Amino acid sequence: MNIGTVASKGIAVGKVVVLDRPTLTIPKHENQDVALEKETFKEAITRSVENLTAIKAKMADHFDDEHMAIMDAHLQMLQDPEIRSQTHDLIDQGKNAAQAYETVTNTFIAMFEAMEDDYFRARAADIQDIQYRVLAHLIGTPLKDATLLDEDTLIAAHDLTPSDTATLDYRFVKGFITEVGGVTSHTAIMARALGIPALVGAKEALSKLNPGEVYVLDALEGKLIASPDEATLASYKEKAEQLLREKQRLQKFKDQVTKTRDGHALPLFANIGSPDDLALVEPHGAEGIGLYRTEFLFMNEKTMPSLQKQIDAYQKVFEAYDTVIVRTLDIGGDKNLPYLQQAKEDNPFLGLRALRLTLKERELFKTQLKALLIGGKGSPHIHIMFPMVALEQELDAAIEVLEEVKSDLDQANEPYQKNVKIGIMIEIPAAALNAERLASKVDFFSIGSNDLIQYTYAADRMNEAVGYLYQPFDATLLRLIKHVIDSAHKHNTEVGVCGEMGGDLWLALVLAGMGIDELSMQPSSILPIREALSKLDLKQLQELSERVLACHDSDSVKRTIQETLATLI
Ligand code: PEP
Ligand code: MG
């Protein structure tokens, strides 16, 4: 079954154990004895502190300082004088200890949940975690922290708290599956820190999985395979071993600059959809962010994100990498904003999408540009990129809006980043064909091959039925891309590729030979491509691309690459 988002990559096999937290029923009895309730409360806090201190001691073997700090924060919250005094007040007013503690901590949870800052919002889950522990003691059903495991296990849970994960025996825990959580949930962070494969956001996993049954957790493809037969197990075992060997071997490239064997640099960047993704990028040694798709910041909200909220998000990315290419909103097509009045279109991918839309929604566009310029203060290499440009006039109009925003900021005496590089996505054939004129107006291009293929071949990128037309290896596409690169270079405009084809090992080598200046990709493609480039000279890559450009279709391109590489690597 295909069930979740990969939060930590890998393959694991084990019996599923479900970690479930029983729902606690808060007693309704009246408070008969204030002193006794306060004493019970004090006792529950003491027991909880003892639990967490023991867990923390156990954690020291597995976790680094960052994760230990989470436990320290929990211990502090447990003993927070404000929470204690407010709980005492409610006990004085007649509530029993459990009711009082629940009411007080609920207020804090609600307060954190309402905060704008993602970091503080996430702290609500920490208070929920300690609230549960203390209430369990108050009610007389203390949590079982230690799961006694004696065989390879996949832990499945609705959610895993830091203290849950801390008490597990990692000789036997081989994988995590949680129903909720994203790639920055505690489970995800801990799983990555521990190098344990994990799927998060696996909706209804608890009802679909059979506890006690053996599963393969394929945290490469986001799949779970129940009761695998011998052949399946053997093939996954082989995959897992291969993965490990690969990972170890590639680590030596992590902090290296990407270069061909004869020393030509070709920066390899990562694509991200939010600042949260930075945690996933880090282990793969990206040299920058080559595509920050900002629309997810807008799509994940019920209302338009404020200027400040946008500044905060962009700043996080600018602070993490020297070079960042931020794409302005690409809404439309299959991405809609609930709070924007978007007319229904018969062909949304050919409709009011991306720059076409933001040029109409001028205030929204201006706010985003303003946030980027303010957020980019102090960051040396920020690049602003406009998506879906077809005509020069659209680019001119976008630059005009940017200039207007700059002059507004000047007038308001608001400091901002003045040194910004401007670029466009090349993802519409008209722009590719007109690359030379467009190049004279911008600092850089980034080829959006996902859309460029769909629009060049009139083949919906999501429609399997026309998949035979959607071929990143097709020679016609490659010749179009070569035209874009050469046209851009006539004006010293840099060209990258940020569509999926840039992360394909073979195509990355072909693009390198064609003279591409950078490639941006999903993070896990970076190290294998860096390694391959380090084994080849630029001249060899150029010869490879020349042969490929003389081909006529995608099959002959693939064959040519395979045959050429076989003689080289
Ligand atoms: C592309 O079209 O190649 C691209 C990177 O943009 P998106 O996939 O977001 O449309
Ligand atoms: Mg695109």
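Colleague: Which strands make up the open sheet, and in what order do they lie?

Modeller: Strands here are DSSP runs of E with at least two residues, helices are runs of H or I with at least four, and both are numbered from the N terminus. Two strands pair if DSSP finds at least two bridges between them. In this case seven strands form an open sheet with mixed pairing, in the order 1-5-4-3-2-6-7. Strand 1 (5-8) and strand 7 (223-226) are at the edges with a single partner strand each, so one side of each has no neighbour in the sheet. From one strand to the next the twist averages 35°.

Colleague: What kind of model is this, and how are residues numbered?

Modeller: This is a predicted model, in which local features need pLDDT of at least 70 and side-chain atom pairs count only at pLDDT 80 or more, while totals for chains, interfaces and linings use all residues. Residues are numbered from 1 along each chain as its sequence is written, chains are lettered from A and ligands numbered from 1 in the order in which they are written, and side-chain values use heavy atoms, with hydrogens and water left out.

Colleague: How many bridges join strand 2 to strand 6?

Modeller: Strand 2 (residues 10-19) and strand 6 (residues 214-219) run antiparallel and are joined by six bridges. G10 is placed opposite A219 of strand 6.

Colleague: Which helix lies across strand 2, strand 6 and strand 7?

Modeller: For angles, axes are lines fitted to C-alpha atoms, for helices over the stretch in contact (heavy atoms within 4.5 Å). Angles run from 0 to 180 degrees between N-to-C directions. Helix 9 (residues 230-250) lies across those three strands, at about 115° to strand 2.

Colleague: Which strands run in the closed barrel?

Modeller: The closed barrel has eight strands with parallel pairing, running 8-9-10-11-12-13-14-15. Its neighbouring strands are turned by 25° against each other on average, direction ignored. Strand 10 (residues 323-327) pairs with strand 11 (residues 381-386) over five bridges in the parallel sense, and I325 stands opposite H383.

Colleague: Which residues come nearest to ligand 1?

Modeller: A residue counts as near when one of its heavy atoms lies within 4 Å. Of the 15 residues around ligand 1, the nearest are R293, R327, G448, N450 and R461. Helix 18 gives the most to this shell, with three residues.

Colleague: Where are the polar contacts of ligand 1?

Modeller: A polar contact is a pair of N or O atoms within 3.5 Å; within protein, one must be able to donate a hydrogen and the other to accept it, and residues adjacent in sequence count only if both atoms are side-chain atoms. An oxygen atom of ligand 1 is 2.9 Å from a side-chain N or O atom of R327. For a polar backbone atom of N450, the distance to an oxygen atom of ligand 1 is 2.7 Å.

Colleague: Why is helix 20 described as largely enclosed?

Modeller: Buried means under 20% relative accessible area, exposed over 50% and partly exposed in between, with a 1.4 Å probe and protein chains only. Eight of the 10 residues of helix 20 (residues 505-514) are buried, so the rest of the structure largely encloses this helix. Just after helix 20, G515 has a positive phi of about 100°.

Colleague: Is S545 buried or exposed?

Modeller: S545 is buried, at a relative accessible area of 3%. S545 belongs to helix 22 (residues 538-549). Apart from neighbours within four places in sequence, S545 is in contact with V510, G513 and M514.
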